[in-house]
Amino acid sequence: MSPTTSRSGQQLIKEVRSRIEEIDPSAVKEELELRDRNGNAEKAIALIDVREQHEYEAGHLPGAIHVPRGHLESRIENAVPDRERRVVLYCATGQRSALAADTLKQQLGYEDVASMNGGFVLWRDRGYEFVQPRILTDVQKQRYSRHLLIPEVGIEGQQKLLDAKVLLVGAGGLGSPAALYLAAAGVGTLGIVDDDVVDLTNLQRQVIHNSERVGEPKVESARKTIAALNPDVEVKPYQTRLNADNVLDLIRDYDVIVDGADNFPTRYLLNDAAVRERKPVVHASILGFDGQLTVFLPYEGPCYRCLYPQPPPADLAPSCGANGVLGVLPGIMGLLQANEAIKLIIGKGEPLVGRLLLFEALSTQFTELKVRRDAACPVCGDDVDLASTEFEDYEALCAAAG
Ligand SMILES: [Zn+2]
């Protein structure tokens with residue numbers, strides 16, 4: 001090659017940089033803030049990280065789409081189908097993203113492209129916010145491979161599951177299957193509240209326990225089973241009953257609550273506290289062959305009291321004696337609860353908010369009812385000041401089926 005036609009790499013980069021738009025990290029930050037304020041994801045900027053996988057995993061800008069420069073041409077159309085959309089690219093220092101911006105503009109027909117000057121290094125040095133994703137180990141990549149293969153979960157969803165904290169109220173018929181599958185799915189922290197010990201009559205449906213554990217506290221039995229199933233999961237056992245004194249402290253640190261309570265006092269108390277702390281509750285209850293399920297998302301859908309404003313008087317509450325239940329029924333309903341909890345954690349699908357799902361096991365029929373938030377609800381209603389409300393215990397009420 002003759003020296004007159006060849007250029008050094010540095011010269012090429014210099015030429016490219018002179019013909020593309022380069023913007024300062026502060027301007028990128030402003031554009032991102034504008035995007036978040038407007039909530040207009042379609043017209044707003046698409047932020048593309050063109051670095052290698054290991055660089056991206058070590059830290060990236062919030063909301064960045066990862067398209068390594070080596071895959072730019074083959075993947076950009078999937079990431080940004082609209083060629084009129086504003087695209088801002090960045091790399092570590094601003095050179096690779098400048099070249100990528102040039103390619104997008106000159107060869108792929110993207111109209112509004114910019115490269116962030118100084119790249120991720122300058123962004124971080126300025127003290128701007130960045131995301132440091134949890135890195136899955138090789139063993140975790142194997143364990144969760146069937147999650148990683150579905151795009152709705154993927155690495156990002158699995159990381160959310162590992163970072164998630166779910167509180168299970170009850171390690172009985174509903175809590176047992178829910179806890180097992182949430183643990184298998186890799187929910188990183190499972191709190192379990194139950195003051196009971198394993199009884200032989202439980203084993204017909206409470207599958208997290210076993211014959212050798214009869215007489216052991218349920219929270220301890222559940223902890224052992226989960227430890228053997230998945231070492232990624234930290235179990236926090238609370239061998240106690242939810243009461244007005246401990247409920248706020250118990251739920252505060254958790255992202256999602258799975259209500260497997262077998263009695264009205266606990267349900268009402270949990271509801272009132274969860275609305276106050278704005279925690280989503282995945283609720284289910286069972287009796288005989290009938291189950292029901294819904295998600296209470298405070299102020300976005302109804303709460304338990306929107307459906308049932310006051311506890312039933314003691315003489316109308318279901319019998320104080322043991323009620324019969326088909327063993328698989330709590331299994332089915334508990335797994336539906338786990339499904340809702342996972343959707344809430346990964347932010348995918350349609351949670352069962354404002355929808356009450358009824359299941360009848362003998363005919364195998366599902367029925368869905370619409371349920372609405374009640375503006376006059378004694379707990380989540382428009383005029384209720386929950387912060388100054390004292391929580392009540394409803395100890396006089398008898399337990400329903402468990
Ligand atoms: Zn309500």
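Strand 4 (residues 86-90) is mostly covered, with four of its five residues buried. A residue counts as buried if 20 or more other C-beta atoms lie within 10 Å of its own, as exposed if 12 or fewer do, and as partly exposed in between; C-beta atoms are placed from the backbone. Strands (E, at least two residues) and helices (H or I, at least four) are DSSP runs numbered from the N terminus.

This is a predicted model: local features need pLDDT of at least 70, side-chain atom pairs count only at pLDDT 80 or more, and totals for chains, interfaces and linings use all residues. Residues are numbered from 1 along each chain as its sequence is written.

- Five strands form an open sheet with parallel pairing, in the order 1-5-4-2-3. Two strands pair if DSSP finds at least two bridges between them.
- Strand 1 (21-23) and strand 3 (65-66) are the edge strands, and each pairs on one side only.
- Strand 2 (residues 46-49) runs parallel to strand 4, and four bridges join them. Tyr90 in strand 4 is the bridge partner of Asp49.
- Asp49 also has a bridge partner in strand 3, namely His66. Strand 2 and strand 3 pair in the parallel sense over two bridges.
- Strand 4 pairs with strand 5 (residues 112-116) in the parallel sense, over four bridges. Ser115 in strand 5 is the bridge partner of Leu89.
- From strand 4 the chain crosses through helix 5 (residues 95-106) to strand 5, a right-handed β-α-β crossover. Right-handed here means that, with the strands pointing away from the viewer, the path from the first strand over the helix to the second runs clockwise.

**Helix packing**
- The axes of helix 10 (residues 175-185) and helix 11 (residues 218-229) come within 10 Å and cross at roughly 30°. That makes the two helices roughly parallel, a label for angles under 35 degrees.
- Axes are lines fitted to C-alpha atoms, for helices over the stretch in contact, and angles run from 0 to 180 degrees between N-to-C directions.
- Helix 10 contributes Ala179, Ala183 and Ala184 to the contact, and helix 11 contributes Ala222, Ile226 and Leu229. Residues are in contact if their C-beta atoms, placed from the backbone, lie within 7 Å.

**Whole chain**
- The secondary structure comes to 15 helices and 13 strands.
- The C-alpha trace spans about 95 × 50 × 40 Å along its principal axes.
- Of the 402 residues in the chain, 38% are buried.
- Among contacts with a separation of 6 or more, 69% join residues 24 or more positions apart.

Conventions:
Angles under 35 degrees count as roughly parallel, over 145 as roughly antiparallel, 65 to 115 as roughly perpendicular and the rest as oblique. Two residues are in contact if their C-beta atoms, placed from the backbone, lie within 7 Å.
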